[in-house]
Protein chains: 2
Amino acid sequence: MSDDRCKGYREPTLSVMQQHDVGVWSDVEAHTDQGDFRGIILPRSETADAEHLVLKLISGYNVGLHYSTLISLTEVGRKEANYKIPEQEFPHDPKKPYVKLFGTGGTIASRLDYRTGAVIPAFTPGELYGSVPELADVCNLTTEKLYGVFSENMGPEQWIGTAQAVEAQIRSGVDGIVIGHGTDTMHHTAAVLSFMLQNSPVPIVMVGSQRSSDRPSSDAALNLIHAARTAAFSDIAEVMVCMFGPTSDEYGLLHKGTRVRKMHSSYRSTFRTLSDTPLAMVSRDNVQPLRQDYNHRRYSTAGEKGNADLRGIAMADFKCIPVFDDRVSIVYYYPGMKPDIFDSLIDNGYRAIIIAGTGLGHVNKPIYPALRRAQDAGVAVYMTVQTLWGYAQMYVYETGREIMGMGVVPLGNMLPEAAYMKMGWALGQSEDPEEVKRIMLEPIAGEITEREPHDGYLVHQGGLPEVADFIKHHRK
Amino acid sequence: MSDDRCKGYREPTLSVMQQHDVGVWSDVEAHTDQGDFRGIILPRSETADAEHLVLKLISGYNVGLHYSTLISLTEVGRKEANYKIPEQEFPHDPKKPYVKLFGTGGTIASRLDYRTGAVIPAFTPGELYGSVPELADVCNLTTEKLYGVFSENMGPEQWIGTAQAVEAQIRSGVDGIVIGHGTDTMHHTAAVLSFMLQNSPVPIVMVGSQRSSDRPSSDAALNLIHAARTAAFSDIAEVMVCMFGPTSDEYGLLHKGTRVRKMHSSYRSTFRTLSDTPLAMVSRDNVQPLRQDYNHRRYSTAGEKGNADLRGIAMADFKCIPVFDDRVSIVYYYPGMKPDIFDSLIDNGYRAIIIAGTGLGHVNKPIYPALRRAQDAGVAVYMTVQTLWGYAQMYVYETGREIMGMGVVPLGNMLPEAAYMKMGWALGQSEDPEEVKRIMLEPIAGEITEREPHDGYLVHQGGLPEVADFIKHHRK
């Protein structure tokens, strides 16, 4: 079998493929002891595990079949994917805004699923233009790959490096930033960038896809067009997540980086703004703010905001604080929890613990001695709510007051994930617990808000007049 | 000051009250170094902490003021609450169904907030009749207080005891069970009762309130009427949570005990069915199923289901398995997590770990050695998703396949809380990891479903034809 026909496969799976005379791009009927499958054998990356044969099913999903379960493989055809993306030079138009696209590993607009290792990522400007030609109608695009990790493997090194790369590009004068990112921890990265990058003069837009671009239902291209549109033209100069709004492709939503969370493991409409309204709706040709209290763009290469004096003022105001101390943990409370969960963190040198408590911010009485121990040991303990929507309000009930009496600090409606990221960032700035507390309780980017709007619970979806109006005018 | 005027207060707060000549039921203006407050001083329980003065604000919320912050207290009036509930004998009507109401500590229909300790719980049938006379239109009611703990302090002892008490009542022939419970961990208890009490011939309905009954917006009475209606008449013989549906009081919803979760820290509409549709809508006089695939009532004291033969068959089928081994923990994954979180659990003798992973069920690579250690040590590790909606699908991506290769078992769309409760229950039944795995993966009460319905994401709310129709016909 040629190299091409076994691309990425090693023993013991390779022998099984050779035995049944099938290879990469074979359309096969696979008979296994766990059921029958029909699909196309995908190429694998060199770092992929050696024990699975990966099929792209007709549904578009990939499935990994363990070599030991394979009873027979019958080739019924071959369907080589369009492996080579037609590369065309990205047109340059000096009248269009300049956007920088960073990649962190969650590949946008790939030909195949971006996480199997079998991807051919469309990532150079020319490849992106070949894949999503509409991008050239929006902006001048340059790209840079920062990392190549699955989003669950993003960590302090990548968060700091991304913030620094974004800062350098903004100072060099681009009109906006797009960051391609895997969706699993996109909201974590969005939160920490919201703290690290303050008073940005231009939009910083995170984007990803829930369905790879070889599937008819892919959200990759549309999300990317929405993100580029936002980076190039939006007046909202914040760290945002740009993803599908409703389950159909009627519009995208821009979510504030500190108030957004992935809420469904597979739907495209997975990202939601919690306890607040999203920042804006976005279509292929428009960004429609849903509120007015955002940080406005203070610089663009076109128009009056492009003048050198204004740019200087905007840049002077712009701050990057790229630090993170990872000695912080989230404890997700459950009834029946025992104090050893906290004791171990204290013993292991953690400096801070974010509790996701029940209700308004509660844990059970058996935990109290461990909370007192944390207080004595100088380990900062802060409270968020595992309901995800709503506030930690620890004055209301006896339990909350008792827990506060042991030094636990409520964090209002800060999401547990945002609190974790902010704490690592705060610990990176100071050894002084009082200064850390001051940083934690001072709202920086909407992570604590004074009140929840009437439509902040569960979902901001169709039915509101402005949404209906937007769909009517901007849907293609 | 008389005993009544300082009820429950001790030093050092008592001196401050005496110094300013105020007492329980004083309507005071409190000037503190953290701001000014106006409200009524509430009585306290004997076990309450000694350092706070508790005011019922005009908003209905209680606030605890630390004695050291008090600058002045000025009595502007007195508003003694109606301390004594008018007690009337609960009428007996042999033609009405028989319902047993158990209390666990979250008090229903109390005159004051049920968690301050200052409550006068309406709990005897006579008191409940005095507070919520509509109950007598629904059923014959008897009551029994099982526990008096805040819901965050419910644990294995209370879960087992509640299951046993419910079993005994059902075998004695009541038409349905209502369990009053604090809302914080109501979904945890609902899940474990769903596993412990199988094939119940009658409804088992958990109910609570998000606002105490002295507030105009209280949901206590309406939730209790809905729950009693359900227990007495509903054809759905499952463990359910009965709470407010939408944010208004248009209808209540019945949620399956394994698929429900508290999603807002303070709203009345806090309970939501996740990745599925609720079981039914409920009004004061009707229960309208929203689906057909539930366990049907097989016994009632009225009608044909009351015949002795049918009752015998129903009871033979009914099982109670009241066991729980608490050597299980939930690990809520966050990017940057280090393996010591798992190592400590292994070292501390836990038998099982439920991970709430990102996306389709992922953790980062630095955790892998700890997962291998857990596998070698015989600690069972199972995967759920922290998106809460959707499935753990670990075959889709490399990371998931690698993690499964280390023995981690995906739990479909089982909620992390339901998985924790089921695991404690499974560990209580067997020392054999294979038997525990068999129990975990076998759906018992809807905790794993094959597919998510189109309206299973985020919220089942107004707009559907059947909801509009229900409101039109049943709203009072």
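Analyst: What follows goes from the contact between the chains to a pair of helices, and then to the chain as a whole. The model is predicted.

Start with how the two copies are placed. Chain B is superposed on chain A by a rotation of 180° with 0.1 Å of shift along its axis, and the RMSD is 0.1 Å. The two copies are thus related as by a two-fold rotation axis. In general, two copies of a chain are related by a rotation about an axis and a shift along it.

Next comes the contact itself. Chain B gives 66 residues to it, and chain A gives 67 residues. On the side of chain B that touches chain A, at least two residues each come from β4 (62–66), β18 (328–332), α8, α10 (398–405) and α11 (416–427) of chain B. The largest share is that of α10(B), with four residues. Sorted by class, this side of chain B has 27 nonpolar, 27 polar and 12 charged residues. Of the interface residues of chain B, 100% are also interface residues in chain A, so the copies meet through the same surface.

One of the elements on that side, α8 of chain B, also packs against a helix of its own chain. Helix α8 (residues 340–347) of chain B and helix α9 (residues 368–377) of chain B pack at an angle of about 15°, and their axes are 9 Å apart. Angles under 35 degrees count as roughly parallel, and α8(B) and α9(B) are therefore roughly parallel to each other. Their crossing is left-handed. From α8(B), the contact uses B:Phe342, B:Asp343 and B:Ile346, while α9(B) brings B:Ala370, B:Leu371, B:Arg373, B:Ala374 and B:Ala377. Of these residues, six are nonpolar, none is polar and two are charged.

Now the setting. Chain A contains 13 helices and 21 strands. It has 476 residues, of which 57% count as buried. Among the contacts in chain A with a separation of 6 or more, 70% are between residues 24 or more positions apart.

B:Gly126 lies in helix α2 (residues 125–131) of chain B. A residue needs 20 or more neighbours to be buried, and B:Gly126 counts as partly exposed because it has 17 C-beta neighbours inside 10 Å. From B:Gly126 to B:Asn364 the separation is 238 residues in sequence and 58 Å in space, C-alpha to C-alpha.

How values were computed:
Residues numbered from 1 in each chain as written. Chains lettered and ligands numbered in written order. Predicted model: local features only at pLDDT ≥ 70, side-chain atom pairs only at ≥ 80, totals over all residues. Axes fitted to C-alpha atoms, helices over the stretch in contact; angles between N-to-C directions. Parallel < 35°, antiparallel > 145°, perpendicular 65-115°, else oblique. Left-handed = near helix turned anticlockwise from the far one by under 90°. Contact = placed C-beta atoms within 7 Å. Nonpolar A, V, L, I, M, F, W, Y, C, P; charged D, E, K, R; others polar. Buried ≥ 20, exposed ≤ 12 C-beta atoms within 10 Å, placed from the backbone. Least-squares fit on C-alpha atoms with pLDDT ≥ 70 in both.
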